[in-house]
Amino acid sequence: MQPRWSFPLTRFRVLVLPLACMRAMPSIAQGALTTPSILAPASTPAHQIYTLSQFVLVITGAIFVVVAGLLAFIIIKFHARKGDAEHEPAQVYGSTQVELAWTVIPVLIVVVLFLTTARIIFAIQDAPKPQSAVDVTVIGHQFWWEFRYPKLGIVTANELHVPVSTPMMPRPAFLQLLSADVDHSFWVPQLGGKTDLIPNHPNAMWIDPQSTGLYVGQCAQFCGVEHAKMLLRVYVDTPDQFAAWVKAQQQPGTQPDVTNAAAAAGRHVFETQACVNCHTISGTAAKGVFGPDLTHLMSRATIAAGAAGNTPDNLRSWIQDPNTFKPGALMPAMQLNDVETNEVVAYLATLR
Amino acid sequence: MADQTFPIPGTPDASLSRGAALLEQLHSWVVTVDHKKLGILYIVYAIVFLLVAGVEALAIRIQLAIPHNHFLSPELYNEFFTMHGTTMVFLVGMTFIFGFGNYLVPLMIGARDMAFPRLNAFSFWMTAFGGLLLYFSFVGGFGLYGMGAAPDVSWWAYAPLTAKAFSPGHNTDYWALSLIVTGFGTLGAAINTLATAFSMRCRGMTLLRMPLFVWLMVVTSGLTLIVITPLTAAQVMLIIDRYLGGHFFDTQAGGSATVWMHFFWIFGHPEVYVLILPAFGIASEVIPVFSRKAIFGYPAMVAASVGIAFVSLSVWAHHMFTIGMTSVGNAFFALSTMMVGIPTGIKIFNWVATMWGGKIRFATPMLFCTAFVFQFLLAGLTGIMLAVAPWNWQLHNSYFVIAHFHYTLTGSFVFCIFAGIYYWYPKITGRMLSEKLGKWHFWLFFLGFHITFDTMHFLGIIGMPRSIYTYEPDRGWNTLNMIVSAGGFLQGIAVLIFAWNLFDSYFNGSIAGNDPWDAWTLEWSTPSPPPDYNFAEDPVVRSRRPLWDLKHPNDPDWKYEP
C-alpha cells in the first residue's frame with residue numbers, strides 16, 4: 001500500500017537530535033540486537049506515527065524550552081539575597097491581559113495539534129483494504145498467539161509470516177484480532193501501533209512492512225502470570241519466500257518414515273496421551289485446539305511463544321516441565337518417562 | 001456535715017501507672033473525633049504505606065535490573081506490581097490528601113472542627129481497615145490452605161482476567177472488597193470536606209477569600225463524590241459476577257470486557273486529578289509564602305481548578321485508544337484530553353508569575369515546590385504526547401506511560417506532599433524539621449527521581465511494555481533498566497532520611513513558634529500545635545491573606561482585592 005499521506009515536516013528531523021541518538025544508542029551499547037524501537041519504523045502506520053511524533057515533539061519541545069527557561073531565569077534572578085528580609089517585594093495580584101494571553105496561545109496550540117492528530121487517526125484507522133491484502137486472524141491465548149490465514153487454509157502459532165509490501169506490489173496484511181480468553185494486545189513497534197485482542201469484541205489493524213526480515217514484539221496488555229513471555233515474531237518474507245512458506249504450511253503433517261522407529265513410537269505416544277486434547281497435528285488423531293497447532297512445528301524458530309529456541313533439548317525440557325521456561329504456562333508437565341519423552345521429541349522433529 | 005465532701009489532694013492522672021497512662025493516650029487516638037488528630041492519623045497511615053509500597057517498588061526494580069532475573073517469581077512479581085499500584089493510589093495518595101484536608105481545612109477557614117466529626121472518624125477507620133483488609137491478603141488469600149495470595153490482576157484489573165475462570169482463589173476478592181471499604185471511607189471524607197468548606201467558614205471568609213488549598217480540597221471532594229461511585233458500582237458488579245452468577249464482565253456468557261474499562265477509567269482518570277488537585281493546593285500555599293508575594297491571578301486559579309475537574313470527567317477513554325474505538329471516538333478523546341492542557345497551563349503560568357519579581361527563599365518546602373513546577377511541566381507535555389491518539393497506539397502500556405504517570409504522581413504529587421509536610425510539620429508538632437536533612441532528602445530524591453523516570457521514557461520508546469516480570473536480553477533494554485533500578489534505590493535512601501527526620505525532629509527539632517515561615521493564612525495565627533478548639537475567638541477576615549493584613553496594617557490586601 002502506498003503511503004496515502006505524507007507529512008512535510010522531515011526538515012524538523014535535525015531538531016529531534018535526542019531521538020536520533022536514542023536510535024543509535026542500544027546498538028552501540030550491546031552489539032547485535034533486535035530492539036523493537038518505535039523510532040525505526042518499517043511499515044506505513046509506523047512511519048506515519050513516527051512523523052507525527054516528530055511534529056508533536058517539536059511543539060512540546062518548544063513549550064518546554066520557553067517555560068523551563070523562564071523558570072530557570074526566575075530561580076537565578078529572584079532568589080532571596082542578604083538583607084532582602086527587611087522589605088517585602090511589590091505585591092502583584094494578577095493581570096487580566098496576561099491571563100488572557102496565556103489562555104489563548106495554548107488554545108491555538110491545541111487546535112493545531114488536534115487537527116494534525118485527527119488527520120493521522122483517520123488515515124491509519126480508516127484506510128481502505130486493497131484486493132491484494134493478506135488476511136490473517138490473530139487469536140490471543142494465555143500465553144501464546146494463534147495465526148489463521150482463512151483464505152490460505154493455514155493455522156500456525158507465535159511466528160507470523162507476511163509478504164513484503166512494496167509500492168510496486170502492495171500486499172498489506174489485514175489482521176483480525178480475537179481473543180480466546182482474556183485481553184491481550186498485539187504490538188510490534190516497528191510495524192505499527194498496538195491494538196488489543198478482547199474477547200467478544202473483534203478488532204482489526206493492518207501493517208504493510210516495506211523491508212524483509214524479523215520484527216519482534218510482545219503482548220502489551222497484562223494477561224496473567226506469563227504475560228511477560230507472550231512474545232511475538234513477525235517474519236517479513238520476499239514474495240517467493242512467502243509463496244514457498246504458504247505451500248509448505250498447506251501440506252498435511254508429515255508421517256514418520258518407517259526407518260525412523262523412534263519417531264513412529266513417538267507418534268503413538270503422542271496420540272495415546274493427553275497431548276491430543278490440546279494440540280492439532282493434521283493427518284493424525286490429534287485435533288485439540290487449546291494449544292498451538294504442531295503440524296509444522298519444525299518450521300518455527302522458537303517454542304513456548306518465543307521463550308525458548310526450537311531445539312531438541314528445549315523441546316525435551318518443555319515436555320518434561322513447561323515451568324522450566326514459563327512458570328505458570330497452562331500446559332502441564334506430561335509425566336512421560338525418558339524413553340517416551342525422547343520418542344515424542346523424535347516425532348516432533350519430523351514435523352517440518 | 002453529711003452532705004459535704006472533703007477534698008483529697010492529687011489529680012486522677014497522677015494515680016495512673018505509666019502503662020495505664022500510655023493506654024489512655026492510645027485510647028484517646030482511637031476514639032478521637034478531633035479533625036487534627038484524625039488528620040495526623042491519616043498522614044501517619046499514608047507514610048507507613050508509602051514505605052510499604054516503596055519496598056514493593058524496589059523489589060520490582062531488583063527483579064528488572066537484569067534480564068531473566070529470578071529474584072521474584074512471576075506470581076510474586078504480579079502481586080507486587082498490583083499491590084504497589086493499588087497501595088500508592090488508594091492507601092497513600094487518597095489518605096495523604098484527606099489527611100492534609102482534615103488537618104488544614106478547618107484551621108484555614110477559621111473553624112473549630114469539621115462539619116461532621118463522627119463521620120470524620122468513621123471515614124478514617126473505614127479507610128484504615130480497608131487497607132488492612134487489602135494487606136491481609138498476603139497471609140489470608142487461600143484461607144485454610146496455607147500461603148496467602150495478594151491481588152495479582154494489576155491495579156486496573158481488566159475483565160475477564162478477574163473472572164472466576166481466570167482468577168480462582170480469593171486474590172481478586174480481597175482487591176474488590178477492600179476498595180469498596182476504602183471507597184466508603186473516601187466518600188465520607190469528601191462529603192465532610194464539602195460540608196465544612198461550605199458551612200463552617202468564619203465571618204468575612206467569602207468563597208473567593210478561601211485559601212487556594214481549601215478551594216482545591218472542595219474541587220477534589222466534589223470530583224471524588226462523582227468518581228468513587230462508578231468504581232464502587234464496578235466492584236459490586238465484579239463480586240456479583242464472581243459469586244452470584246452475574247455476567248456483567250463474563251465474556252464467555254456474552255458479557256463485555258470493555259464495559260469494565262469504561263467503568264474503571266471514568267473513575268481512574270479523574271482519580272489522577274483527585275490526587276493532583278490538592279497537591280496544586282499545597283503548591284499554591286507554599287510558592288507565594290516563599291516568594292513573598294500574593295498568588296498571581298487567584299480567580300484564574302480557582303476557575304482553572306474547577307475547569308480541570310470538569311474537563312477531567314470527559315477524557316477517560318484516552319486510556320482506551322487501543323481497544324478499537326471508532327476513529328471519531330478516538331478523535332474526540334484526543335481533543336478532550338488536549339484541552340486539559342489549557343487550564344493546567346494556566347496554573348503553571350500563574351505559579352511562575354507568582355515567583356516572578358519575588359524574593360524567593362529556597363527552604364526545603366520551596367525546593368520541593370520548584371521541582372514540582374518543573375516536573376509537572378514535563379508531565380503535562382508527555383501527557384500531550386499521549387493524547388495524540390496514533391502516537392498513543394505506540395506508547396500505550398509501554399514504559400513511556402509508566403514514566404509519564406510517575407512524573408505526575410511522584411514528580412508532582414509526592415513532591416508537593418513532601419513540601420506540605422516540611423511546611424506544616426512545625427504547625428502540627430510545634431517543632432521544625434531539620435533543614436540540613438531536608439536538603440539531603442530533597443537533592444537525593446530529586447536526583448534519584450530523574451535517573452529513574454527520565455530513563456523510563458526511553459525504555460518505552462524502544463518498545464518495553466509494562467507489567468512484565470522479565471525481558472529478553474537481546475532487546476537492548478539491559479543498560480537502561482539497570483540505570484532505572486539504581487535511581488530507585490537513591491530515592492529509597494532519600495525517603496529513609498525523610499523518615500528519620502520526621503522521627504528525630506519530633507524530639508530534637510528547634511521550637512517552631514506560631515508562625516515560623518512568616519505566612520499569611522489563618523492556621524499560622526494559632527499556637528503550634530493548635531489547641532483542641534483551634535481558635536479561642538472566632539477569627540474575622542477581610543481578605544485572602546488575613547495575617548498579611550495583620551502584619552502590614554498600612555498596606556492591607558483588602559484595599560486591592562476586587
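Helices of at least four residues and strands of at least two are DSSP runs, numbered from the N terminus. In these terms, Pro529(B) falls in the loop that runs between helix 14 (478-508) and helix 15 (546-551) of chain B. The peptide bond leading from Ser528(B) into Pro529(B) is cis, its omega being near -10 degrees. The model described here is predicted.

Chain B contains 15 helices and zero strands. Its radius of gyration is 24 Å, close to the 24 Å given by the globule rule for 562 residues, so chain B is as compact as a globular protein of that length. Along the principal axes, the C-alpha atoms of chain B fill a box of roughly 85 × 65 × 40 Å. Of the 562 residues in chain B, 60% are buried. Among contacts in chain B with a separation of 6 or more, 80% join residues 24 or more positions apart.

The interface between the two chains brings 79 residues of chain A into contact with 78 residues of chain B. On the side of chain A that touches chain B, at least two residues each come from helix 1 (17-30), helix 2 (44-77), helix 3 (96-125) and strand 7 (195-197) of chain A. Helix 3 of chain A gives the most to this side, with 15 residues. Divided by class, the side of chain A that touches chain B comprises 46 nonpolar, 24 polar and nine charged residues.

Within chain B, helix 5 packs against both helix 3 and helix 6. Two packed helices are described by the angle between their axes and the distance between the axes. For helix 5 (residues 171-199) and helix 6 (residues 212-243) of chain B, the axes come within 8 Å and cross at roughly 155 degrees. Angles over 145 degrees count as roughly antiparallel, and helix 5 of chain B is therefore roughly antiparallel to helix 6 of chain B. The crossing of helix 5 of chain B past helix 6 of chain B is left-handed. In the contact of these two helices of chain B there are 16 nonpolar, eight polar and two charged residues.

Helix 3 (residues 74-108) of chain B packs with helix 5 of chain B at an angle of about 20 degrees, and their axes are 11 Å apart. Helix 3 of chain B and helix 5 of chain B are therefore roughly parallel to each other. Helix 3 of chain B also passes helix 5 of chain B in a left-handed crossing. On the helix 3 side of chain B, the contact is made by Thr86(B), Phe90(B), Met94(B), Phe98(B), Gly101(B), Val105(B) and Pro106(B). Helix 5 of chain B contributes Trp175(B), Leu179(B), Thr182(B), Thr186(B), Ala189(B), Thr193(B), Thr196(B) and Ala197(B). By class, the contact of helix 3 of chain B with helix 5 of chain B has nine nonpolar and six polar residues, with no charged residues.

Thr344(B) is part of helix 9 (residues 327-355) of chain B. This residue counts as buried because 24 C-beta neighbours lie inside 10 Å of Thr344(B). Leaving aside residues up to four places away in sequence, Thr344(B) touches Ile308(B) and Gly380(B). Thr344(B) and Gly380(B) are 36 residues apart along the chain, and their C-alpha atoms are separated by 7.9 Å.

Several loop residues have backbone geometry to be recorded individually. In chain A, the peptide bond from Gln142(A) to Phe143(A) is cis, with omega near 0 degrees. Phe143(A) belongs to the loop between strand 1 (134-141) and strand 2 (144-149) of chain A. Asn200(A), a residue other than glycine, has a positive phi, near 65 degrees. The loop between strand 7 and strand 8 (203-207) of chain A holds Asn200(A). Asn200(A) counts as partly exposed because it has 16 C-beta neighbours inside 10 Å.

In chain B, phi of His68(B) is near 50 degrees, which is likewise a positive value in a residue other than glycine. His68(B) occupies the loop between helix 2 (35-65) and helix 3 of chain B. With 8 other C-beta atoms within 10 Å, His68(B) is exposed.

Notes: Residues numbered from 1 in each chain as written. Chains lettered and ligands numbered in written order. Predicted model: local features only at pLDDT ≥ 70, side-chain atom pairs only at ≥ 80, totals over all residues. Rg over C-alpha atoms; globule rule 2.2 N^0.38 Å. Buried ≥ 20, exposed ≤ 12 C-beta atoms within 10 Å, placed from the backbone. Contact = placed C-beta atoms within 7 Å. Nonpolar A, V, L, I, M, F, W, Y, C, P; charged D, E, K, R; others polar. Axes fitted to C-alpha atoms, helices over the stretch in contact; angles between N-to-C directions. Parallel < 35°, antiparallel > 145°, perpendicular 65-115°, else oblique. Left-handed = near helix turned anticlockwise from the far one by under 90°.
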